[in-house]
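Here is a walk through one protein model, taken a piece at a time. Keep the picture open while you read.

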Amino acid sequence: MGAAEVVGRVPPETTQRAVGYPALFVLVALGALVPVIPTGALVSSAAVVAFHQRTLPLGVLVVIGVAALAAFTGDLALYWLGQRGVRSRGGSRLLESLRRRAAPERLDRARVRLEEHGVVVLVLSRLVPAGRIPVMLACLLGGLPLRRFARGDAPACLAWAATYGLIGILGGSLFSEPWKGVAAAVALTVLISSGPAVWRRLGDGRGTGREG
């Protein structure tokens with residue numbers, strides 16, 4: 001039997017999983033390090049595809065597990081690099097980058113919540129748009145050991161992956177064609193992630209209007 005015949009007999013779902021799961025892991029892990037990649041939309045899209053395959057519910061559970069592990073790996077790598085910056089005399093470019101991405105008032109709130117609730121606040125920080133970096137920075141500046149950060153971040157990453165996985169399931173259940181479900185899931189994740197920022201800008205605009 002030739003190689004072409006062997007490849008031809010491989011089910012499309014198997015091929016997609018063999019390529020898709022490693023790609024999902026790499027992209028989500030990179031997204032945790034460089035917050036330019038829309039990781040939530042990636043997880044939801046992967047969940048939509050898994051929903052329409054014959055491996056349901058195992059496929060969706062694997063997507064959630066891979067995404068959670070990737071997010072956890074990326075968070076630990078970023079925290080470890082941040083710790084090196086805190087310990088060095090002049091800091092580091094990474095630490096300064098984290099400071100610039102965390103508004104002072106959000107960082108202050110993160111410090112207070114961390115003092116009051118401990119690492120439990122990490123779970124909420126992963127679910128709230130733009131909440132991860134201020135809490136992580138508060139942990140770094142507070143000298144939280146990597147091991148304690150990991151204990152709080154593990155359930156946070158799992159809750160985050162499960163949330164966006166459920167969004168994907170919702171998108172997949174609404175449409176019979178996978179691409180429509182992917183489009184709906186991406187639109188929903190973008191709305192969730194950009195909603196708080198838009199609301200804050202509207203609030204600032206109203207405040208400025210009153211002052212004027």
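This is a predicted model: local features need pLDDT of at least 70, side-chain atom pairs count only at pLDDT 80 or more; totals for chains, interfaces and linings use all residues.

Residues are numbered from 1 along each chain as its sequence is written, and side-chain values use heavy atoms, with hydrogens and water left out.

Now for the overall build. The protein has 10 helices and 0 strands; here helices are DSSP runs of H or I with at least four residues, strands are runs of E with at least two, and numbering goes from the N terminus. Of the 212 residues, 36% are buried, where buried means under 20% relative accessible area, exposed means over 50%, and partly exposed is in between (1.4 Å probe, protein chains only). Take the contacts between residues at least 6 apart in sequence: 76% of them join residues at least 24 apart. Contact here means heavy atoms within 4.5 Å.

Let's zoom in on helix α8, residues 132–141. Is this helix mostly covered or mostly open? Mostly covered, with 9 of its 10 residues buried. Among them are Ile 133, Met 136 and Leu 140. Setting aside neighbours within four places in sequence, Arg 132 is in contact with Gly 31, Ala 32, Pro 35, Asp 75, Leu 78, Ser 125 and Arg 126. After α8 comes Gly 143, with a positive phi near 75 degrees.

One partner of α8 is helix α6, residues 104–117: the two axes come within 8 Å and cross at roughly 65 degrees. Axes are lines fitted to C-alpha atoms, for helices over the stretch in contact, and angles run from 0 to 180 degrees between N-to-C directions. From α6, Arg 106, Leu 107, Ala 110, Arg 111 and Leu 114 meet Pro 134, Val 135, Leu 137, Ala 138, Cys 139 and Leu 141 of α8. By class, this contact has 9 nonpolar, no polar and 2 charged residues. For these classes, Ala, Val, Leu, Ile, Met, Phe, Trp, Tyr, Cys and Pro count as nonpolar, Asp, Glu, Lys and Arg as charged, and the others, Gly among them, as polar.

Next, look at helix α3 (residues 39–51) and helix α9 (residues 146–174). Their axes come within 7 Å and cross at roughly 50 degrees. That makes α3 and α9 oblique to each other; angles under 35 degrees count as roughly parallel, over 145 as roughly antiparallel, 65 to 115 as roughly perpendicular, and the rest as oblique. Residues making the contact include Val 43 and Phe 51 of α3, and Trp 160 and Tyr 164 of α9. The contact of α3 with α9 has 9 nonpolar, 7 polar and no charged residues.

Arg 151 lies in α9 and is exposed, with a relative accessible area of 54%. From Arg 151 to Val 120 is 31 residues in sequence and 9.4 Å in space, C-alpha to C-alpha.
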